[in-house]
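Please work through the exercises below with the sequence and the model at hand. Each task is followed by a solution in steps.

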Amino acid sequence: EAVHLLLRRSVADIAAARPDWLLPASTAREIASFPRLPERARSAFGVIAQRVERSLFALRRLDEADWSAARGAYADFALAELPG
């Protein structure tokens with residue numbers, strides 16, 4: 001749940017900076033590949049999205065390493081400047 005929260009916060013950050021980029025049906029995979037998203041933010045978002053996908057769709061329990069990777073990625077994402 002904590003990693004999923006980081007994903008939701010990342011999406012909210014993008015929506016706040018660039019609401020025109022997101023649609024209600026936008027998936028994490030689509031967002032992670034947005035060409036207008038700076039590389040640093042795109043890469044970090046992808047790390048978080050991959051962990052959430054594994055947890056939700058592969059039904060794989062996340063461990064401490066997954067949490068650390070997602071938390072570090074969110075810190076990178078938060079520091080990346082979104083165009084706006």
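The exercises treat the fold, the overall dimensions and one side chain.

This is a predicted model, in which local features need pLDDT of at least 70, side-chain atom pairs count only at pLDDT 80 or more, and totals for chains, interfaces and linings use all residues. Residues are numbered from 1 along each chain as its sequence is written, and side-chain values use heavy atoms, with hydrogens and water left out.

**Exercise 1.** Determine how many helices and strands the protein has.

*Solution.* Helices (H or I, at least four residues) and strands (E, at least two) are taken as DSSP runs, numbered from the N terminus. The count gives four helices and zero strands. Read from the N terminus, the order is α-α-α-α.

**Exercise 2.** Compare the radius of gyration with that of a compact globule.

*Solution.* The radius is taken over C-alpha atoms, and the globule rule is 2.2 Å times the number of residues to the power 0.38. For 84 residues the rule gives a value near 12 Å; the protein has 12 Å, which agrees. The C-alpha trace spans about 35 × 25 × 20 Å along its principal axes.

**Exercise 3.** Locate E53 and identify its partners.

*Solution.* E53 belongs to helix α3, residues 39–57. Neighbours within four places in sequence aside, E53 is in contact (heavy atoms within 4.5 Å) with R29 and A58. The side chains of E53 and R29 are joined by a polar contact of 2.9 Å. Such a contact is a pair of N or O atoms within 3.5 Å; within protein, one must be able to donate a hydrogen and the other to accept it, and residues adjacent in sequence count only if both atoms are side-chain atoms.
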